Amino acid sequence: MTKTITAPNAPAAVGPYCHAKLAGNTLYTSGQLGLIPATGELPQGVEAQAAQALDNLKAVLAAAGMDCGDVVKTTVFLADMGDFAAVNAIYAQYFPGEAPARSCVQVAALPKGALFEIEAVAVK
């Protein structure tokens with residue numbers, strides 16, 4: 001049995017998908033951009049977008065009764081792999097100590113012209 005998770009403190013989906021699906025004790029999130037929930041706009045710069053996207057991810061996790069400590073795997077999408085070091089510095093603030101497994105890839109483009117997107121798998 002699965003449960004749809006809708007996070008009131010995360011930006012609305014920009015397409016036909018939900019914030020996350022809970023299957024048993026495992027949460028699968030949709031990709032989170034750095035959209036500001038109140039405005040739906042992207043802040044300027046990859047660092048600001050990464051921090052906002054990670055805040056949005058935290059809101060989705062919280063809506064499922066989880067937090068960053070429950071995350072076992074993330075996938076990070078970057079518009080420019082040259083931003084890897086800057087993003088790592090911000091990412092480490094959200095996953096202190098033992099970080100989850102992670103993949104990071106450069107993509108040709110992200111929705112809304114974003115510079116950063118993250119999705120996660122979490123287990124309670």
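My entries below go from the whole chain to single residues.

**Entry 1: the whole chain**

I noted at the start that this is a predicted model. I then went through the elements and found two helices and seven strands in the protein chain. Read from the N terminus on, their order is β-β-β-β-α-β-α-β-β. I looked up the radius of gyration next: it is 13 Å, close to the 14 Å that the globule rule gives for 124 residues, so the chain is as compact as a globular protein of that length. For the extent of the C-alpha trace, I wrote down about 40 × 30 × 25 Å along the principal axes.

**Entry 2: inside and outside**

I asked what share of the 124 residues counts as buried, and the value came out at 42%. The protein chain exposes about 6,200 Å², and I saw that carbon and sulfur atoms supply 55% of that area. Turning to charge, I have 7 positive and 10 negative side chains in my notes. The centres of these two sets lie 10 Å apart. I also checked the contacts with a separation of 6 or more: residues 24 or more positions apart account for 67% of them.

**Entry 3: the strands around E3**

I followed E3 (residues 26-29) in both directions. Strand E2 (residues 20-23) runs antiparallel to E3, and four bridges join the two. The hairpin of E2 and E3 has two residues between the strands, and there I found Gly24 with a positive phi near 65°. E3 is also joined to strand E7 (residues 116-123), again antiparallel, by three bridges. For the pairs across, I jotted down Lys21 opposite Tyr28 in E3, and Thr26 opposite Val123 in E7.

**Entry 4: Tyr28**

I stayed in strand E3 for Tyr28.

**Entry 5: Asn56**

My next stop was Asn56, in helix H1 (residues 46-63). With 1% relative accessibility, Asn56 counts as buried, because the cut-off for buried is under 20%. I then listed its contacts, leaving aside neighbours within four places in sequence: Ala10, Pro11, Gln32, Leu33, Gly34, Leu35 and Pro37.

**Entry 6: two loop residues**

I finished with the loops. Asp67 is in the loop between H1 and strand E5 (71-78), and at 45% relative accessibility Asp67 counts as partly exposed.

Lys112 is in the loop between strand E6 (101-106) and E7. I marked its phi, which is near 60°, a positive value in a residue other than glycine. Where does Lys112 fall, buried or exposed? Lys112 has a relative accessible area of 53% and is therefore exposed, as the cut-off for exposed is over 50%.

Key. Residues are numbered from 1 along each chain as its sequence is written. This is a predicted model: local features need pLDDT of at least 70, side-chain atom pairs count only at pLDDT 80 or more; totals for chains, interfaces and linings use all residues. Side-chain values use heavy atoms; hydrogens and water are left out. Two strands pair if DSSP finds at least two bridges between them. The radius of gyration is taken over C-alpha atoms; the globule rule is 2.2 Å times the number of residues to the power 0.38. Buried means under 20% relative accessible area, exposed over 50%, partly exposed in between (1.4 Å probe, protein chains only). Contact means heavy atoms within 4.5 Å. Accessible areas come from the Shrake-Rupley method with a 1.4 Å probe; for residues, only the protein chains shown count as cover. Lys and Arg count as positive and Asp and Glu as negative; His and the chain ends are not counted. The place of a charge is taken as NZ of Lys, CZ of Arg, CG of Asp or CD of Glu.
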